[in-house]
Number of protein chains: 2
Amino acid sequence: MGVYLSQERKIVIIGCGAGGGTAAQFARKTDRKASVIIIEKDRYPQYSKCGLPYVISGIIPNFNDLIEFSEDWFKTAKIDLLLETTVEKIDTSKKIVIVKKGGNVIEKPYDSLIIATGAKPSIPPINNIKKGSNLIKGIFVLRTINDAKDISSSAKKGDNATIIGAGLIGLELAESLYKKKMKVTVVEALPSILANTLDKDMSKIVYDEILKQVNILTDHIATRIESNSGKITKVFIKDNKTGEEKYILTDLLVIATGLKPETALAKDADCKLNENGYIIVNNKCETSVKDVFAIGDCTEFKDFITKKSVPIGLGSIAVRQGISAGINAAGGNYTLLDGFLQTCTSEFFGMEIAAVGSSDENLITGKFNGLSLPHYFPGGKPIIIKVFANKDGKILGAQAVGDNAAQRINTLAAAILGGLDIETFRRLETAYAPPIAPTLDAITLACDIISAKLRKRQK
Amino acid sequence: MGVYLSQERKIVIIGCGAGGGTAAQFARKTDRKASVIIIEKDRYPQYSKCGLPYVISGIIPNFNDLIEFSEDWFKTAKIDLLLETTVEKIDTSKKIVIVKKGGNVIEKPYDSLIIATGAKPSIPPINNIKKGSNLIKGIFVLRTINDAKDISSSAKKGDNATIIGAGLIGLELAESLYKKKMKVTVVEALPSILANTLDKDMSKIVYDEILKQVNILTDHIATRIESNSGKITKVFIKDNKTGEEKYILTDLLVIATGLKPETALAKDADCKLNENGYIIVNNKCETSVKDVFAIGDCTEFKDFITKKSVPIGLGSIAVRQGISAGINAAGGNYTLLDGFLQTCTSEFFGMEIAAVGSSDENLITGKFNGLSLPHYFPGGKPIIIKVFANKDGKILGAQAVGDNAAQRINTLAAAILGGLDIETFRRLETAYAPPIAPTLDAITLACDIISAKLRKRQK
């Protein structure tokens with residue numbers, strides 16, 4: 001830790017995840033003389049949480065590979081990274097943070113404070129899931145390197161694994177455990193998988209593919225755990241429609257039913273939270289408290305389309321907020337767009353999915369089931385695109401499953417950001433060459449379908 | 001050929017390439033009762049000219065595979081396709097086309113005429129290249145199936161092949177002949193390859209890669225041919241800088257130095273041509289003559305950025321013009337955008353390239369050399385993006401070499417179409433997941449560089 005002259009700006013960041021780490025970098029870039037301190041309760045510097053399933057599967061060899069910026073990196077950047085250090089309290093009147101490291105309690109003054117405390121897994125009400133305050137042996141969540149290490153060391157070839165929740169993380173993990181040669185069952189309370197990301201007709205394509213490798217039970221709720229000698233043996237599940245109850249033999253169970261924000265410190269510091277407990281921030285990542293910023297999974301911000309509050313659950317957004325908060329906390333000026341498009345992607349069992357913007361059921365949709373290459377060129381892969389537009393033809397959302405789903409969704413994300421309508425976008429010259437893409441891409445042809453629907457309405 | 005009542009609209013299309021064939025389809029869709037006739041001098045129905053190099057290489061098994069719509073298809077669609085039929089003259093006062101098939105001359109009346117006569121290879125002034133009006137044996141162009149068949153049957157393993165012109169087609173063919181195990185040399189008059197598509201710094205990356213497989217001589221002009229028993233044996237080339245002349249032993253030579261438009265019929269029909277001989281059309285593909293439309297490689301239209309006239313040299317544009325002309329010729333109304341972005345792509349020796357919009361040297365550029373995946377995820381591939389913006393930060397062009405160059409350029413094409421500026425576009429949430437893309441894609445980071453340059457200018 002350096003010694004700083006009192007006139008130097010003091011920036012304190014709580015949390016060294018994707019958001020906090022990025023904020024520190026951009027604060028440093030913006031004010032080369034500022035004191036920048038990151039306080040992180042965990043023992044690891046900034047690492048990729050999104051990469052955890054791929055270390056469990058073995059695609060990424062070591063957990064240490066996930067570390068994006070090492071302690072040395074922060075040292076070189078003159079950013080004080082305090083690991084295994086907790087913040088006890090934020091005192092916004094004195095502008096200090098009370099920090100505890102080992103037995104010591106220290107006060108850290110700040111001019112700008114960035115709260116990047118993230119979120120923790122939310123545990124659904126399943127009977128006997130805990131003993132005291134701990135999960136029963138064999139039951140896990142997946143949020144930190146330590147969680148992933150625990151899952152990894154418990155995942156034994158041939159054993160039965162059950163995952164509660166068929167969202168992005170649940171399914172990524174399903175593939176990881178399948179690759180570890182476990183027998184995997186995914187239990188989902190909703191009628192379809194990936195319900196936060198894809199419409200049912202789109203997720204059905206993924207479902208059918210995944211079902212070749214793992215068992216999936218949609219419309220089922222986990223009700224209770226049975227254990228033996230303190231270790232899980234069965235999970236009981238109930239069919240939402242019939243009420244029928246059955247059990248799944250389970251050696252390893254992972255809860256992947258979503259997150260809840262870590263906002264105790266922020267609340268205590270009088271930062272305004274929304275009704276779901278997320279810190280409310282503006283397009284500069286400012287909270288309701290002067291000189292206190294917040295970013296990442298502990299915050300909410302507007303949806304770009306609806307302008308309604310949405311929780312930030314994506315690393316890509318946390319990074320963008322980190323850029324903004326880091327610059328602003330250091331005296332710069334970086335405003336975010338007027339809401340987030342929530343562009344997201346993932347891949348399961350070789351199947352790429354992606355989505356952006358709104359999929360409101362009142363929108364007009366066009367779905368095209370095409371190939372990535374002209375029909376005469378060998379090796380074309382399926383690509384299904386669904387586009388959403390309002391009655392004026394303005395593009396408001398898109399979903400994709402298949403070849404280069406993410407890149408195609410990026411193009412639609414740019415279209416949404418540019419306010420393009422269907423008639424303009426379907427005239428866009430997409431890049432064409434036989435080994436690369438057809439003359440009219442699936443993104444164009446999906447829009448053609450909406451165009452036809454809109455013309456029919458006008459008649 | 002059907003019998004039509006006189007009140008039915010008569011649509012005649014000259015040429016069954018990508019443009020003409022598409023126009024016929026959309027004319028048919030727009031007016032189910034119209035008579036639609038396509039007159040094609042060649043013996044093949046609509047096929048992919050862009051696919052020809054991949055039949056030569058063997059990636060696509062047969063030339064017939066390139067046929068996109070068969071004679072039967074046209075019959076089913078009630079489109080009269082007259083193959084091996086030439087148009088002798090267009091009489092715009094009588095609104096007839098005088099057609100010759102075999103020995104017969106027939107008059108075809110039209111209400112709407114679409115000229116889609118395309119272009120033919122332009123032959124540079126190389127001494128002794130022709131005997132009479134024919135190219136010397138062993139010298140070819142690549143435009144039609146017949147050209148490709150001739151090249152294919154002459155391409156012998158171990159023989160020397162020389163290609164004049166290092167544009168898209170020249171390099172695609174270089175790879176094809178390399179795959180046929182020929183020893184390939186590409187001769188280019190300009191100082192860099194792909195000069196119409198990429199800046200020199202971008203094409204250099206491709207050049208270095210291609211050079212591992214084939215010989216490339218930039219800044220060299222082919223001056224004369226030497227032949228033996230009427231067959232080419234050598235091509236003499238001159239170094240533009242030193243004037244030094246040398247020869248390349250050549251068994252097979254392909255001219256790939258560009259095209260010139262086939263506009264004799266249009267000119268004769270008083271359609272206005274521009275100074276380079278291309279038919280001038282508007283955003284409805286109308287020519288200067290009433291009820292006469294023109295599309296594809298025989299036409300010019302505005303560049304989207306500069307609004308200056310540019311020749312149409314891309315299949316993707318011909319198809320879009322075909323949609324417009326087909327609909328408009330059949331009484332519908334389909335306007336194109338106010339100019340073409342000229343989005344294009346290709347792939348050589350596994351290296352994908354793409355470009356869109358302007359690369360004017362007065363623009364501000366940002367170039368980023370990145371990876372397709374986060375650094376911690378195995379298998380990330382290089383991607384180099386160069387973005388062009390004006391001094392107000394408006395994005396006007398982009399070039400890419402590497403992983404998913406085409407899809408990334410599509411996203412930038414949408415940004416240009418949407419009038420996005422650097423500050424907005426670099427805030428776009430691109431899709432992120434470790435196996436798919438990094439949190440900040442190369443398309444974002446290239447824009448960050450322009451942003452920094454613009455901020456520096458403002459200071």
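## Where chain A meets chain B

In the contact, chain B supplies 63 residues and chain A supplies 63 residues. Keep in mind that this is a predicted model.

How much area is buried between chain B and chain A? The answer is about 5,400 Å², with carbon and sulfur atoms giving 63% of it. On the chain B side, Arg320(B), Arg427(B) and Glu429(B) lose the most area to chain A, and together they make up 15% of what that side buries.

Next, look at the polar side of the story. The rule finds 20 residue pairs in polar contact across the interface of chain B and chain A, both residues being at pLDDT 80 or more, while it finds zero salt bridges there. Several elements give two or more residues to the side of chain B that touches chain A: helix 8 (315-329), strand 24 (344-348), helix 9 (405-417) and helix 10 (422-425) of chain B. Helix 9 of chain B gives the largest share, nine residues.

Now for a helix pair within chain A. Helix 1 (residues 18-30) and helix 8 (residues 315-329) of chain A pack at an angle of about 35°, their axes lying 7 Å apart. Their crossing is right-handed. Among the residues that meet are Phe26(A) and Ala27(A) from helix 1 and Val319(A) and Ile323(A) from helix 8 of chain A.

Here are the residue classes of both contacts:

| Contact | Nonpolar | Polar | Charged |
|---|---|---|---|
| Helix 1 of chain A with helix 8 of chain A | eight residues | five residues | no residues |

Methods: Residues numbered from 1 in each chain as written. Chains lettered and ligands numbered in written order. Predicted model: local features only at pLDDT ≥ 70, side-chain atom pairs only at ≥ 80, totals over all residues. Heavy atoms only, no water. Axes fitted to C-alpha atoms, helices over the stretch in contact; angles between N-to-C directions. Helix = DSSP H or I, 4+ residues; strand = E, 2+ residues; numbered from the N terminus. Left-handed = near helix turned anticlockwise from the far one by under 90°. Contact = heavy atoms within 4.5 Å. Nonpolar A, V, L, I, M, F, W, Y, C, P; charged D, E, K, R; others polar. Buried area = accessible area lost by both parts, 1.4 Å probe. Salt bridge = Lys/Arg side-chain N within 4 Å of Asp/Glu carboxyl O. Polar contact = N/O pair within 3.5 Å; in protein donor to acceptor, adjacent residues only side chain to side chain.
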